[in-house]
Every structure is written in C-alpha cells, then in structure tokens.
Amino acid sequence: MTNDFSVLSFAIKNVKRRPLRTAMLVLAITLLTAVLVFALSFIYRVHASIQIMTSRLGADIIVVPTGSRGAAEDVLLENKVKSFYMDQDILEKVSKIDGIEKMTHQTYLVTLSSLCCSVPESLIIAFDQDSDFIMKPWLKGKIDRKLGKGESIVGHESSFNISVGLVEVDSVLFGNVFKMVGVLDKTGTGLDNAVFISDDNISDIVKNSDLPIKPGQVSIIFAKIKEGFSHRKVANAIEDSIIEVDAVTGKDIGRSIINTLRDISGIFSMTIALASILSIFLAWTVFSAVANERSQEVGIMRAVGAKESHVMGLFFIEVLLIGAVGSTAGIVFGTGLSVLLAKSFTILKNISSDLRAVERLAVAVIGFVAGTGICIIGALVPIRRIKKMEPLTAIKER
Amino acid sequence: MAQLQTDEVSMIYAIGGEQIIAVDKVSIAIEKGEFVSLVGHSGSGKTTLLSILGGIAKPSSGSVRFEGRDIYGLNSDGLSEYRSEKIGFMFQFASLLSVLTAKENLLLPVLFKPSRKDADGKLHEERAVELLNMVGLGDRINAYPSQLSGGQQRRVAIARAFMNDPELILADEPTGDLDEETEADMMRFFSDMNKAQGVTFILVTHNTELAGQAGRRMKMVHGKNEEQ
C-alpha cells in the first residue's frame, strides 16, 4: 500500500480547484515572462553581436571617410552591402599619427547589377595581403598561401556560398572571372556575408566596371595602437589632423546602435514594469480570493495540528506551481517569439550572431526567477494574513 | 494531577461595542480516561469552551493546563504541536476538505509529520483505512466528500479525530447528522476507544440520552459551568 498523498499532491489539487482562475494567473505570468525573455534576448543579442564584432575585428581604431561611420557600422555589424571611398594618400597621413603601431586597409565593392556579376548582390572586400591583420586569423587553415589574382574566398554566411553550396567554382565579378578557393570560418561579424579578393584585382575591376571608385581609393583603414597610447586620444588626433576622415575606437563601434537599443530597452522596461504591476495585482487578487474561500479549511488544518509554517508552505507550493508553469510557458513563448520575429526587426535582421546556449539559459533563468518571483510577491500579503488567523476565527469564516 | 485543568477561564467578545461573555470564569478538572458530557442551550458557551480546551481559541483570562503545562504559555508552534499530539477534534459540522478523498482527509492531521508511520510503526495510510473500516466506510475510502452523504461525512470526520492517536477527544455534537442506529454505533465506538485505549472524551451534545451515557455530566449556563 503506497501513500501518494503528500503536501505537493495536496497543493496540486488546490491549484486545480478553480481552473479558469488559475489559468488567468498562469496566462498573466506567461505573458510577463514572454515579454521579459523576448526583450532580454533582443537586447542581449545586439549587445553580444557588437561585443563579438569588436573583439574579433582585431583593430583598435577604424578610419573611414567623413560621414561614413554609420555606413561602416552597417557593413561591420549588420552585414549590409554598402560602399564608401577615400583617397589612398590618407593611408600615409594616418600612418604619421603618433601612436599608430600598424595599419591595413580594405576596399568595399558592391555587386549591384547582374550585368556586372554572376553572383547575387554582395559585398566584395578587396584587402591588402601584405599589411593585413584583420583577415589573416580567419584565413589560417583555410588557405595557407596568399590569394592569387583572380582568386576569391567567401564568408561563412555569404549568400553566394549558400546558393552555390560548394567552392572551386568560377564566377564573374565586375567583368573579371574569379575562382572561389575557400570558405571562411564563421566570424560572427559582417565579414561572414562578404566575398574576399586581393586588392591586386582592383585596377582590373575599375577598368572593367562602372563602379564609382577611382584608382587608388580605399574604403576603410584598420589601425593597431601602440601600447601605452590612449585609443580615444589617437582617434581624436587622426580626426584633428585629417579633415576628410572619421576615426572610431573599437569601443565606440556600434554606439549608434547601442543608443537606439537604449531607447528600445526603455520601452521594454516600461512594458515589463506595467506587466509586472498587473501580474502582482492579479496574483494578489487571486490569492486574496483563495485565502477568503479557504479560511475555514486553514482553520481546520490548524486545529488538527498544522503549524503556521505548514500553511505558509502549502500556499507557497501552490504559488510556485502557478509561477513555474507560467514562467516556463513564458520562456518557451518568449524564446519562440525572439527566434520567429528576429527577421522582422531591422536591427536584428542583419546581425549574424545568435545567442549561445549558455546565454539562452541565462535569459531563461532570469525569466523563470522574475515570473515566479512576481507571483510570490503578489501572493505574499494574502498568505501572511491567513497564516496569522487564529484557528477558531478561521473556522468561523465560512 | 488532572489531565486537563482550567482555572477561571473566561472568553469575552466585543461585538459592536457590547461585551459578550461567552465563557465566564470556568474552572474544571478532568482526569485521564474520563468520559465527560457537556450540555447546555445554544449560545451557552459549550463550543467556545471546547475551543479553548483544544488550544484553538485563546481565552481572555484564566489558564488551561494539560498534564500540568499551561498550553497558552506555548508559542504558536507549541500550540500546534499540542493539538497535533494530544487532541482529536470533532467539529459541529463535518469539516472535511472538499478536494481530498475520505482517506486523504484522515491523513490531514499527519500530513506534515516527518514520519510516514505512527508510534506503533504502522503506516499512516494503513491506520487511515483501519479507522475508516471502524466507522463503517471501508468501501468509501477514495470517495470525495461530495460523493458522501451527510452522515458518512460525519463518520469520516469522527475517524479523522483518532488519526493522531490523541489523548483527548473534543467532540462538538459529533453525531448530529446521524440516524439513530449509526449514532448508537458511533457512541459504542467512542466508548470502546475510551475504555480500551484510555482516551479522554469531552462530548458536547443537546441529546440528554447521549449525555446520560457519559460517566460525568457538566452543563453550561450563560457561560458558567455547573456539575450535574
């Protein structure tokens, strides 16, 4: 003969008493947790993407043509296809700034028209193989030699790579035939969607295409700063001495997105705060009703020997059950929303990095604690009130 | 030393500015194993006195001693332990929890105990089934209160009072809803428990015949106690 009657089974029976009322509270906690999980996933993902990008970029400062900072961030953070150019003599001017340890440059070319190229719209990045320190870590193991003229390597997420599904194919870029000789490892940056060629090819491309680029122009300069120099001061010195450029430190890349994110976070925070207040109020209302309905039962329980802590414990298990079910459903719902709706948000659409499992777990834990915690806070006052009732008073309240 | 002793216990309620004396300086001493009946008109203070003796209503003044210990000198947990270990309650109403089956209602007094066995090493569940058999409800152990008649609910509540092997049963008109035959059965059951196990009974009743079966009769009149 087994005894399956326990405090937990008793609590489950109590929770099931009023299914509609319980469902309403579970739904409120679900929605609150879903909003929280969605918001955290959203914010976390953008932040993580910016952090990954800046840490993997390998440069302390980027230098772009004046007014092109946003476009550069679009390329580096959001995988957008954009081009901007500055004259090559700026390379020499930047190199003379005190504190610059080494630098390299890249040129962004956009395959705008199917007339020019045999690939879908893509960003073609021409890089200087001699000075490069941006691409080198990612090329290692993929191609242990320099890219030859007429050779290219594609980013991990490149639409061209995906559509072709293999390498070692010939394609036409700006009227020139290129052989694809490798696929880059996933970088988690805008580089994942680009096609890379050596800048030896630029003169031929300029000759054979209508691109708005003049011979010798570059798009972006990446610089490493000597130890002991302030990145911000060096960036300011570049901007002060070279009027044609904007210089952005690694930490400041994505600042405009972060500022936008701050506004979005504010809206999310307000929504979460309102949902929390509503949920607390609902939990308070539900458990006040529960306390009133069950005061006689509590009196009987106390009369047959249950302590105040036992009554509290039973009610808390009930609250935890409701909170746990609501929070879990909210986590599933919120995570699903964040995945499904990710492509609907411009800010997320082009960000290549997704949350890692451990980050998703952290968001889920926060969602669970918050959802369940809100339920407990709401139920606290009614439970404390009924706990303090003298047994006879509670029994008479029927 | 009396098992249960009260010393000028009073209970005064204030209702709308008016003071109601429900129990007025009652001093009684009840020995272990006594079977006491308590009679009196409605509102005479019987139920209030029973609640005071059972540790579920603190008196306005006076003291209640069980085996020499002042029960209202105990803190809330101590009082709960007193009720859990010493007292078996039978209320005026069936007092079953609607979401629990008959057997689960019996297990309620031992639900929060750390052990799943009683002092004799018997599983609480076995004891619950045994008690339900003793009150004639062995075939209704998994029935919910809504599936039981008023009389059957009463018998479940009676059985529950014995679940924790109490030393003192406080029964407030426990046979009110029962037919004559079942009432007689229950009274025999009480008598057996009283004689065989030495359980002390204080039985509140309006039924003078039932009261007459008790070894000692007391009467409440306007909150005061009179021995008969």
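Trainee: How many aromatic pairs does a search of the whole structure find over all chains?
Mentor: This is a predicted model, in which local features need pLDDT of at least 70, side-chain atom pairs count only at pLDDT 80 or more, and totals for chains, interfaces and linings use all residues. Residues are numbered from 1 along each chain as written, chains are lettered from A and ligands numbered from 1 in written order, and side-chain values use heavy atoms, without hydrogens and water. Rings of Phe, Tyr and Trp (its six-membered ring) pair if their centres lie within 6.5 Å; planes under 30 degrees apart are stacked, over 60 edge-to-face, the rest tilted. Over all chains, the number of aromatic pairs is 15.

Trainee: How far apart in sequence are the parts that Phe42(A) and Phe268(A) tie together?
Mentor: The two rings form an edge-to-face pair, 5.7 Å centre to centre with 70 degrees between the planes. Helices here are DSSP runs (H or I, at least four residues), strands likewise (E, at least two), numbered from the N terminus. Phe42(A) sits in helix H2 (residues 19-57) of chain A and Phe268(A) in helix H9 (residues 255-293) of chain A, so the parts tied together are apart in sequence by 226 residues.

Trainee: Is H11(A) roughly parallel or roughly antiparallel to H13(A)?
Mentor: Helix H11 (residues 308-340) and helix H13 (residues 357-388) of chain A pack with axes 7 Å apart, at about 150 degrees. Axes are lines fitted to C-alpha atoms, for helices over the stretch in contact; angles run from 0 to 180 degrees between N-to-C directions. Under 35 degrees counts as roughly parallel, over 145 as roughly antiparallel, 65 to 115 as roughly perpendicular, the rest as oblique. That angle therefore makes H11(A) and H13(A) roughly antiparallel.

Trainee: What volume does the largest pocket have?
Mentor: On a 1 Å grid over the protein atoms alone, a cavity is a set of points where a 1.4 Å probe fits but cannot get out; a pocket is an open set with protein on both sides within 12 Å along at least five of seven lines; lining residues have an atom within 4 Å of a point. Points join across faces, edges and corners, and a volume is the space filled by probe spheres set on them. For the largest pocket it is about 430 Å³.

Trainee: Which element gives the largest share of the lining of the largest pocket?
Mentor: The lining has 27 residues, and among the closest to the pocket centre are Lys396(A) and Thr47(B). Helix H14 (391-396) of chain A supplies at least two, as does helix H1 (46-53) of chain B. The largest share, five residues, comes from H1(B).
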